[in-house]
Amino acid sequence: MSNLLRPFLLAAITALAACAGPDMTKPPKPLGDFRLGYGIVVADNAQAVGPSRKATADEWEEVLKASLQTRLSRYEGEKLYHIGAGITAYALAVPGVPVVLSPKSVIVAKVDVWDDAISKVINAEPKEFTVFEGLSGATVIGSGLTKSREEQMQTLADNLALKIEEWLYENRAWFTPEAVAARAALAAAQPAQPAKAAPALAPAPAN
């Protein structure tokens with residue numbers, strides 16, 4: 001490494017060392033009568049993009065389910081909503097040349113929100129998220145050099161869960177009594193249709 005670059009890197013890492021993942025110490029923003037039912041994650045079609053460490057569908061599903069549960073189970077409303085996330089692409093940074101070629105990790109996913117009472121998706125179109133690791137002392141020189149594959153996946157899953165929470169907050173009107181009543185009335189007015197196969201659900205989480 002060039003002697004000219006070394007002081008810059010040390011200063012950057014020192015300045016960013018305090019940066020961490022999503023802050024879980026603050027109380028959650030109000031989401032109305034929201035309570036997480038299931039976090040359903042499907043990664044069968046996830047494609048590794050560009051230079052990337054590899055991860056299996058099972059590994060992605062496990063880590064994202066846990067992150068969603070940790071972040072969204074803090075809400076204690078009475079009405080259940082399910083989060084369905086389909087991971088479509090990812091890159092887990094490989095070791096590169098510091099600063100000049102420091103690849104970043106990224107995850108891409110499409111997300112829906114299901115109203116348990118009517119078994120229907122409440123967002124008009126799936127919401128697509130493209131989420132990066134974010135800047136920290138561990139990523140400024142490329143997380144391929146500073147993090148294990150599992151640590152990269154955990155960071156991405158936690159950041160995606162945070163972005164989903166922020167999206168829910170932006171659309172908190174979905175969870176008001178008026179919105180709930182309107183959806184129920186609309187569902188009741190629609191003619192009965194053959195039941196669709198529902199996503200495979202895990203056993204209900206313990207209260």
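## Starting with helix H2

As for its dimensions, H2 has 16 residues and runs 22 Å from its first C-alpha to its last, close to the 22 Å expected at 1.5 Å a residue.

Now for the inside of the protein. In soluble globular proteins, nonpolar side chains tend to be buried together. Here the largest nonpolar core has 37 residues, and Trp60, Ile83, Ile87, Val113, Leu168 and Phe175 are the ones with the most contacts inside it. At least two core residues come from each of strand S1 (34-42), helix H2 (57-72), strand S3 (79-91), strand S4 (106-115), strand S6 (127-132) and helix H4 (149-170). H4 gives the most, with eight residues.

Take Ile83 and look around it. Setting aside neighbours within four places in sequence, Ile83 is in contact with Leu36, Tyr38, Gly39, Ile40, Leu68, Leu72, Val111, Asp112, Val113, Ile164 and Leu168.

## A look at Val41

Val41 is found in strand S1. Is Val41 buried or exposed? Its relative accessible area is 4%, so Val41 is buried. Val41 and Val111 are 70 residues apart in sequence, with their C-alpha atoms 9.2 Å apart in space.

## Rings and charges

Next come the aromatic rings, with eight aromatic pairs in the count. In one of them, the rings of Phe34 and Phe175 have centres 5.2 Å apart and planes at 70 degrees, so the pair is edge-to-face. This pair links distant parts of the chain: Phe34 is in strand S1, while Phe175 is in the loop between H4 and helix H5 (177-189), 141 residues apart. Phe34 and Phe175 are both buried.

Phe129 and Trp167 make another edge-to-face pair, because their ring centres are 5.8 Å apart and their planes sit at 80 degrees. Phe129 lies in strand S6 and Trp167 in helix H4, so the pair ties together parts 38 residues apart in sequence. Both of these residues are buried too. Ring pairs link Phe34, Tyr75, Tyr81, Phe129, Trp167, Trp174 and Phe175 into a cluster.

The charged end of Lys127 sits over the ring of Phe129, 5.8 Å from its centre. Likewise, the charged end of Arg172 sits over the ring of Tyr169, 4.1 Å from its centre.

## An exposed serine

Out in the loop between S4 and strand S5 (120-121) you'll find Ser119. Its phi is near 55 degrees, a positive value in a residue other than glycine. Ser119 counts as exposed because its relative accessibility is 53%.

The chain averages a pLDDT of 80, and 71% of the residues score at least 70. Over residues 1-20, though, the pLDDT is below 50, and this stretch has 15 contacts in the model beyond near neighbours in sequence. Residues 136-142 also stay under 50, with 25 contacts beyond four places in sequence. Where pLDDT is low, the predicted coordinates should not be read in detail.

Note on methods: Residues numbered from 1 in each chain as written. Heavy atoms only, no water. Core = buried A, V, L, I, M, F, W, Y, C linked by side-chain atoms within 4.5 Å. Buried < 20%, exposed > 50% of the residue type's maximum accessible area, 1.4 Å probe, protein only. Helix = DSSP H or I, 4+ residues; strand = E, 2+ residues; numbered from the N terminus. Contact = heavy atoms within 4.5 Å. Phe/Tyr/Trp six-rings, centres within 6.5 Å; stacked < 30°, edge-to-face > 60°. Lys NZ or Arg CZ within 6 Å of the ring centre and 35° of its normal. pLDDT = per-residue confidence, 0-100. Expected span 1.5 Å × (residues − 1).
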